[in-house]
Amino acid sequence: MARKKGPQAQQAYEYIKSKILSFELAPGMPVSDHSLEQELDMSRSPIREAILLLTSNGLLESTPTGARVASMTPEDIVEICQVRKAIEVAAISITMDRGGMTQEQKDSLMDIYRNMQENRDPAQNYHYDDLFHNAIVEASGNRRLIEISDKMRLQISRARWLNFVLPNRMEDAGQEHGRILDALLAGDRQACIESMELHLNNSEQNFKKVLNSLQYGPQFTLAMSYISNQGKQNQEDGLD
């Protein structure tokens, strides 16, 4: 099970995580507990605790000289997609074995889907996309599956900018989510599994297409700039 964090360790964890997800700390960059001690005005103990947890969650990796931001290669992204597909298909099967989603869970998922469809801002759309998938896994009630899913969602969130690059991917993903939702509401196990597999396979192919093609270089640059600016804005809002 996940380790519990103290208040200062939680603060340090969120601060470092935000810098990683906004690419202020890019893959391969060292993470210095000494520098963070100055930035956060706290002792090294909670910072080291946060670094250990971020390492456990796959955002940092240990080296002989300290911690650094974990790599994010095409192979990493494909592996995460494959694990996510296994997890979410398993979650659907477990939920269906238990009689399907409760009405409360269905209502919550419908609300998330409506918000996702109404928010065309890429960052907000991704936020509800993430909530949508999380709700499906949580409906299984399997704590270990949920914990693994949380780690995979956190790791793949660094590649979220890839969803902003290909034309029409946001609209296509919205339709795919709609089919998953319809199948869940109907309690149709096979249709739900097939819809989820198709959606996650399409996401994986989208990632590969962007990463392996120079065609999308300009859009890639714009997406990276957008994410970086969002991360800086989020940090400024947190200081207000």
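A nonpolar core, for this talk, is a set of buried Ala, Val, Leu, Ile, Met, Phe, Trp, Tyr and Cys residues joined through side-chain atoms within 4.5 Å. Keep that in mind. What you see above is a predicted model.

Let me start with the overall layout. The protein chain has 10 helices and 3 strands. Along the sequence the pattern reads α-β-α-α-β-β-α-α-α-α-α-α-α. The chain runs to 240 residues, and 45% of them count as buried. Now contacts between residues at least 6 apart in sequence. Of those, 75% join residues at least 24 apart.

On to the core. The largest nonpolar core holds 21 residues. Ile92, Leu109, Phe132, Ile136, Ile180 and Leu184 have the most contacts inside it. Which helices each supply at least two residues of this core? They are α4 (74-97), α5 (103-118), α6 (122-138), α8 (169-186) and α9 (189-211).

Take Ile180 from that list. Set aside its neighbours within four places in sequence. Ile180 then contacts Phe132, Ile136, Cys192, Ser195, Met196 and His199.

Next, α6 against α8. Their axes are 12 Å apart, at an angle of about 25°. That is under 35 degrees, so α6 is roughly parallel to α8. The crossing is left-handed. On the α6 side we have Pro122, Asn125, Asp129, Phe132, His133 and Ile136. They meet Met170, His177, Ile180, Leu181 and Leu184 of α8. By class, the residues of this contact are 7 nonpolar, 3 polar and 1 charged.

Now a loop residue. Met101 sits between α4 and α5. Is Met101 buried or exposed? Its relative accessibility is 9%, so Met101 counts as buried. Beyond four places in sequence, Met101 touches Thr95, Lys106, Leu109, Ala135, Ile136, Ala139 and Leu184. Leu109, Ile136 and Leu184 were in our list of core residues with the most contacts. One more pair to look at: Met101 and Ala186. They lie 85 residues apart in sequence, and their C-alpha atoms are 9.7 Å apart in space.

From α1, the contact uses Gln11, Ala12, Tyr15, Ile16 and Lys19. From α2, it uses Leu36, Glu39 and Leu40. That contact divides into 5 nonpolar residues, 1 polar and 2 charged.

Compare α2 with α3. Helix α2 covers residues 33-40, and helix α3 covers 44-56. They pack at about 120°, with axes 9 Å apart. That makes the pair oblique. The crossing of α2 past α3 is right-handed. Asp33, His34, Leu36, Glu37 and Leu40 of α2 meet Arg44, Ile47, Arg48 and Ile51 of α3.

Last stop: Lys17. Lys17 belongs to helix α1, residues 7-21. How does this lysine get classed? Buried means under 20% relative accessible area. Lys17 has 19% relative accessibility, so Lys17 counts as buried. Which residues does Lys17 touch, leaving out those up to four places away in sequence? Three leucines: Leu54, Leu59 and Leu154.

Methods. Residues numbered from 1 in each chain as written. Predicted model: local features only at pLDDT ≥ 70, side-chain atom pairs only at ≥ 80, totals over all residues. Heavy atoms only, no water. Buried < 20%, exposed > 50% of the residue type's maximum accessible area, 1.4 Å probe, protein only. Helix = DSSP H or I, 4+ residues; strand = E, 2+ residues; numbered from the N terminus. Contact = heavy atoms within 4.5 Å. Axes fitted to C-alpha atoms, helices over the stretch in contact; angles between N-to-C directions. Parallel < 35°, antiparallel > 145°, perpendicular 65-115°, else oblique. Left-handed = near helix turned anticlockwise from the far one by under 90°. Nonpolar A, V, L, I, M, F, W, Y, C, P; charged D, E, K, R; others polar.
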